[in-house]
Amino acid sequence: MSKPSMTEYLLSSPQVADLYQRATQSQFLALAGQGQLPPEVLSEWLSQDRLYAQAYIRFAGGLISRIRLPTKVEGQDTSKTLQWRILSLLQTAMSGVTRELQFFEETAKKYGLDLEATAEGDNLSNKSAGFGPNKVTKDYIDLFDSFTAQPHGDRDRTLLDGLVLLWTTEKIYLEAWTYAKQQASSNADAQKDLDGGALRKEFIPNWTSEEFQAFVKECQECLDAYAAVQDVDTEEVGAAGSMVLFKKVLVLEESFWPMVA
């Protein structure tokens, strides 16, 4: 029997089944898919997701700084090595999140959404400055920033850790919005949605597109390939650390979706 890949190991663990479901099947997502999410709630969440995306850029840059491209050619096309493949993936991640930030602004303007909205009772990390990350978003930002290039990043954070975090966040995002999409009635008119169709006409199609699915698949394949070539002596430690990180993201993601009635 072949050994499971890193992503198979993480997804198949009985420790995470309940966490995974709660992270990807919230009431917020159900209402989003049904067109019943109030625009002010969408604005509150989108405002925090924009801050998350800004931190993601620093995170991706930190992972790029951890890549060591091959120095010897040795008769092979070095552009086809795993290191180059991972670099290409991170370049795609960078360009994708840059487009995403612009997409946020354009869609918010089109549908009258507020990208600096705060929820009543939000525990902002910097209340004196007004709008800012709430506690959960700040925890995500701190996690991303632990991978940033020195001197601010954590020296113990490895490229493997970063690929686990990258795949987990993107996999959960795809699963969550796929769940939301499945809640929609096939004949419902999105223009009659509470948000005017912002979610079902713009955001959900973007976050469940074939292009995004292909990106998540590439994240998975790069992680599995990189994990498979790690030293045997560090393999068990790496797997245990990856599980801790995987579960941490699931817990954060559950809390990242706003509570709705």
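1. In this predicted model, helix H4 (residues 39-64) packs against helix H6 (residues 135-145) at an angle of about 10 degrees, and their axes lie 8 Å apart. Because angles under 35 degrees count as roughly parallel, H4 and H6 are therefore roughly parallel to each other.

2. On the H4 side, this contact is made by Gln-48, Leu-51, Tyr-52, Ala-55, Tyr-56, Arg-58 and Phe-59, and H6 supplies Thr-137, Tyr-140, Ile-141, Phe-144 and Asp-145. By class, the contact of H4 with H6 comprises eight nonpolar, two polar and two charged residues.

3. A second pair is formed by helix H5 (residues 82-111) and helix H9 (residues 210-228), which pack at an angle of about 145 degrees with their axes 10 Å apart. The crossing of H5 and H9 is left-handed.

4. Residues of H5 that meet H9 include Leu-82, Arg-85, Ile-86 and Leu-89. Among their counterparts in H9 are Glu-211, Phe-215, Glu-218 and Cys-219. The contact of H5 with H9 has nine nonpolar, one polar and five charged residues.

5. The largest pocket has a volume of about 550 Å³. It is lined by 25 residues, of which Gly-96, Val-97, Glu-100, Phe-212 and Phe-215 are the closest to its centre. Phe-215 is also one of the H9 residues in the contact with H5.

6. Two or more lining residues come from each of H4, H5, helix H7 (159-182), helix H8 (198-207) and H9. H5 gives the most, with ten residues. By class, the lining has 13 nonpolar, six polar and six charged residues.

Notes
Residues numbered from 1 in each chain as written. Predicted model: local features only at pLDDT ≥ 70, side-chain atom pairs only at ≥ 80, totals over all residues. Heavy atoms only, no water. Axes fitted to C-alpha atoms, helices over the stretch in contact; angles between N-to-C directions. Helix = DSSP H or I, 4+ residues; strand = E, 2+ residues; numbered from the N terminus. Parallel < 35°, antiparallel > 145°, perpendicular 65-115°, else oblique. Contact = heavy atoms within 4.5 Å. Nonpolar A, V, L, I, M, F, W, Y, C, P; charged D, E, K, R; others polar. Left-handed = near helix turned anticlockwise from the far one by under 90°. 1 Å grid on protein atoms, 1.4 Å probe; cavity = no way out; pocket = protein on both sides within 12 Å on 5 of 7 lines; lining within 4 Å. Points joined across faces, edges and corners; volume = space filled by probe spheres on them.
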